[in-house]
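Colleague: I would like to go through this model feature by feature. Please give the general idea each time, and then the case at hand.

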Amino acid sequence: MSRKRSRSRVTPAQHRLMALAAVLFAAVVLTLAYRHIVRPPQPRPAQTDPAPAPAASVPPEEQDADQLALAARAAHSVRKPDFYTVLVSGVDDGNGNSDTNILVAVDAQNGSIYGVNIPRDAKAVINGKNHKFNAAHNIGGMEQTAAVLSEQLGIPVDYTVEVSLRAFAALVNAIGGVDFYVPLDMDYDDPVQDLSIHFSAGMQHLNGEDALKVVRFRHNNDGTGYGSEDIGRMNTQQDFLRAVAKQTLRPANLTKVSEFARIFQKYVKTDLELGELAWFGQQAFSAGADNIQFFTLPGEWKSPYIYLDAEAVLELVNAHLNPYVEDRTAEDLRIPS
């Protein structure tokens, strides 16, 4: 449900999904520039199976209750091959909270990539206290953000990527702008932010600065617009990101490797090594824009939080995010009520 406000505030905190564009660009660039060191991501200690199965030499009928429970837990933690989760967080020079958070699932075996947006205002319990999800970054950086998300969704976060949102405009400019169909007339001014958004509905060629304005738009000066503000804006952002991915994954961008690499080095922090990033870029290039899909964790706004719909979230996790062979169950998730 959209949050209703008496006055529109379009700030960098509303740039949902834009950080993913920066990571996608950078990963593709690294693939092209460092193809000779490409290698699949290496497991981190936290990704190992939490409980090994009992020795195969002990038949089930001779195992005690503890051994059987251990075997069941181990079976529930067997991972799919070449399936990884990466948390992408966009940050700005503001109060330390994350501006956007997207869990990216890379299913390399099936050639698919899924990006799932986590609402900023989703309720989270951190150190025993209630917070909005985006406060996790201010409390404990990417490690805390990943831990909170992993606990809520019942799946591991394998790797993290932190991107400055300023990278977005730079990268759109680097690919020469993006052709995008603006879904409606946009006529908004905010003198406090020195912000003016004025576009006519229809196909537009947007540079980086204009693109930021389009994805920040909520409603016009007279109150008209999407009618569902946050939901409508999020749909536009996802559509724009698809257009950006399609244009970025073109062979013509081979000539822009050095420029992309400079932007990446300036704006991105990650626990992935260079060769691993190149491998992810290779998967994105191989999958193509048509096999990159975007979703949002479902929930309902009840001030001051968005309360995630546990049943719908579980369905989304098992459909697109679950790195395990077995489906997750309601008992695996820890979504605050």
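Modeller: Helices here are DSSP runs of H or I with at least four residues, numbered from the N terminus. On that basis Thr145 sits in helix α3. Note that the model is predicted.

Colleague: How many helices and strands are in the chain?

Modeller: The chain has nine helices and 14 strands.

Colleague: Back to Thr145: is it buried or exposed?

Modeller: Buried means under 20% relative accessible area. Thr145 has a relative accessible area of 0%, so it is buried. Across the chain, 53% of the 337 residues count as buried. The accessible surface of the chain is about 15200 Å², and carbon and sulfur atoms make up 50% of that.

Colleague: Which residues does Thr145 touch, not counting those up to four places away in sequence?

Modeller: A contact requires heavy atoms within 4.5 Å. With that rule, Thr145 touches Leu87, Ser89, Asn101, Phe133, Ala136 and His137, residues up to four places away in sequence being left out. Take Ser89: Thr145 and Ser89 are 56 residues apart in sequence, while their C-alpha atoms are 8.8 Å apart in space. For the chain as a whole, consider contacts with a separation of 6 or more: 70% of them are between residues 24 or more positions apart.

Colleague: Next, salt bridges. How many does the structure hold?

Modeller: The criterion is a side-chain nitrogen of Lys or Arg within 4 Å of a carboxyl oxygen of Asp or Glu. The structure holds two salt bridges. One joins Arg79 and Asp158, with 2.8 Å between the closest N and O atoms. This pair links distant parts of the chain, 79 residues apart: Arg79 is in the loop between α2 (65-75) and β1 (83-91), and Asp158 is in the loop between α3 (135-153) and β6 (159-164). Asp158 is buried, with a relative accessible area of 4%, whereas Arg79 is partly exposed at 22%.

Colleague: And which residue pairs with Asp121?

Modeller: Asp121 forms a salt bridge with Lys132, and the closest N and O atoms are 3.7 Å apart. Asp121 is in the loop between β3 (112-117) and β4 (123-126), and Lys132 is in strand β5 (residues 129-132), so the pair ties together parts that are 11 residues apart in sequence. Asp121 is buried, with a relative accessible area of 10%. Lys132 counts as partly exposed, at 25% relative accessibility.

Colleague: Where is His131 found, and what does it contact beyond its neighbours within four places in sequence?

Modeller: His131 is in strand β5. Its contacts, with neighbours within four places set aside, are Ala122, Lys123, Ala124, Ile126, Ile139 and Tyr305. From His131 to Asp121 the C-alpha distance is 8.4 Å, at a sequence separation of 10 residues. His131 counts as partly exposed because its relative accessibility is 23%.

Colleague: What should I look for in the backbone angles?

Modeller: Asn127 has a positive phi of about 55 degrees although it is not a glycine. Asn127 is placed in the loop between β4 and β5, and it counts as exposed at 65% relative accessibility. Asp82 also has a positive phi of about 55 degrees and is not a glycine; its place is in the loop between α2 and β1.

Colleague: Which peptide bond is cis, with omega near 10 degrees?

Modeller: The bond from Ser303 to Pro304. Pro304 is in the loop between β13 (299-302) and β14 (305-308).

Colleague: Last, the surface. Which residues gather in a patch of negative charge?

Modeller: A charge patch takes residues with over 30% relative accessible area and no salt bridge, with like charges joined within 9 Å. Here Asp185, Asp187, Asp189 and Asp222 gather in a negative patch on the surface. Asp222 is exposed, with a relative accessible area of 60%, and is found in the loop between α5 (208-216) and α6 (230-248).

Technical notes:
Residues are numbered from 1 along each chain as its sequence is written. This is a predicted model: local features need pLDDT of at least 70, side-chain atom pairs count only at pLDDT 80 or more; totals for chains, interfaces and linings use all residues. Side-chain values use heavy atoms; hydrogens and water are left out. Helices (H or I, at least four residues) and strands (E, at least two) are DSSP runs, numbered from the N terminus. Buried means under 20% relative accessible area, exposed over 50%, partly exposed in between (1.4 Å probe, protein chains only). Accessible areas come from the Shrake-Rupley method with a 1.4 Å probe; for residues, only the protein chains shown count as cover. Patches are made of residues with over 30% relative accessible area and no salt bridge: like charges are joined within 9 Å, nonpolar side chains (Val, Leu, Ile, Met, Phe, Trp, Tyr) within 5 Å. Lys and Arg count as positive and Asp and Glu as negative; His and the chain ends are not counted. The place of a charge is taken as NZ of Lys, CZ of Arg, CG of Asp or CD of Glu.
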